[in-house]
Amino acid sequence: MGSSGINAEYMGVPEKVLRNTVDIAAGELCTFAIDKAGDLWAAGDNSCGQLGLGHTRSVTGFARVEISRVKKVACRLNTAAVTQSGELYIWGKGVFGEILSPRKVALINERFIDVSMGNTFGAALDHKGRVWTWGENSFGELGLGDYQARSHPVLVPKLNSKGINKISCGSKFVFALGQTKCNTASASSLAVSIIDEVSSKIIEEHACKVLDSEEVSFSETLVSSKSQVDPQKPLLKVLTRERNYFEECLEKVKREKKGLEKELKELKDEHNKVKETMAEKMNCLLYTSP
């Protein structure tokens with residue numbers, strides 16, 4: 001339905017036009033559909049050769065594109081598709097020239113799993129979670145750190161370690177959803193070691209102050225009590241008191257450690273919620289963007 005170059009009888013009224021369709025994509029006045037067999041069908045405007053039919057004539061009914069086992073298709077002013085075996089095909093008019101029929105991207109020995117198109121550029125995701133971009137780049141939409149156009153898919157190095165699993169192109173920008181790995185055990189161990197180190201310094205400083213003050217009183221005790229049978233008793237008293245203090249400090253550190261572990265668990269839970277929310281938003285963008 002709507003005005004997309006298809007027969008006027010479908011305008012404004014939902015109408016069944018294909019059977020056994022499993023996926024669809026809409027571009028600039030054109031529409032694509034993938035059937036159960038993996039065949040690709042196209043209809044609408046074809047002024048840029050975006051239908052991949054070998055010519056630039058628009059068609060009002062769906063025509064089969066000469067490409068098989070298609071898994072995903074994306075289109076705007078030009079088109080790209082990923083096959084079930086992970087091959088990437090592009091066609092239409094762009095910085096790569098004029099390609100009127102699907103052409104396999106060569107020299108890239110990777111298996112692609114997703115593809116998305118902007119107005120005059122494209123992005124593809126391989127099975128290793130890496131992003132490849134090509135096309136116009138006047139707004140830096142290719143993510144390559146410059147504004148130079150690329151006629152062939154180029155790896156985006158800044159995203160190599162981000163674990164990307166979803167991509168979605170706007171008119172002049174790209175969204176990429178990744179997985180930031182957080183080693184909770186390592187973080188907890190590091191945090192606890194920091195607490196231990198800080199608390200040890202505090203205990204040591206306090207102990208020095210206490211022992212310095214007790215040294216004076218102990219010296220005075222020895223001077224005034226030369227007749228004592230066991231001169232070690234005052235020192236034993238000091239050491240016992242300090243041991244008790246150290247034990248109290250240790251219990252305090254243990255309590256702080258438990259509190260930190262609880263906070264780390266809450267942060268991890270919050271992190272997972274944010275990931276789920278972002279995944280839902282990206283899915284909405286993927287399926288509602290024009």
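Colleague: Is Phe-175 buried, partly exposed or exposed in this model?

Modeller: In this predicted model, Phe-175 is partly exposed, with a relative accessible area of 40%, and Phe-173 is likewise partly exposed, at 42%.

Colleague: How many aromatic pairs does the structure hold, and what describes such a pair?

Modeller: In general, a pair of aromatic rings is described by the distance of the centres and the angle of the planes. The structure holds three aromatic pairs, and one of them is Phe-112 with Trp-132, an edge-to-face pair with 6.1 Å from centre to centre and 70 degrees between the planes. This pair links distant parts of the chain, since Phe-112 lies in strand 9 and Trp-132 in strand 11, 20 residues apart. Phe-112 is buried, with a relative accessible area of 3%, and Trp-132 is buried too, at 11%. The rings of Phe-173 and Phe-175 also form an edge-to-face pair, because their planes stand at 90 degrees, with the centres 5.8 Å apart.

Colleague: Which residues of strand 10 lie on each side, and are they buried or exposed?

Modeller: In a regular strand the side chains alternate between the two faces of the sheet. In strand 10, Phe-121, Ala-123 and Leu-125 are on one side and Gly-122, Ala-124 and Asp-126 on the other, and all of these are buried, which leaves both faces covered.

Colleague: Which strands pair with strand 10, and in what sense?

Modeller: Strand 9 pairs with strand 10 in the antiparallel sense over five bridges, with Leu-125 as the bridge partner of Asp-114. Strand 11 also runs antiparallel to strand 10, joined by five bridges, and here Phe-121 stands opposite Gly-135.

Conventions: Residues are numbered from 1 along each chain as its sequence is written. This is a predicted model: local features need pLDDT of at least 70, side-chain atom pairs count only at pLDDT 80 or more; totals for chains, interfaces and linings use all residues. Side-chain values use heavy atoms; hydrogens and water are left out. Buried means under 20% relative accessible area, exposed over 50%, partly exposed in between (1.4 Å probe, protein chains only). Helices (H or I, at least four residues) and strands (E, at least two) are DSSP runs, numbered from the N terminus. Two strands pair if DSSP finds at least two bridges between them. Rings of Phe, Tyr and Trp (its six-membered ring) pair if their centres lie within 6.5 Å; planes under 30 degrees apart count as stacked, over 60 as edge-to-face and the rest as tilted.
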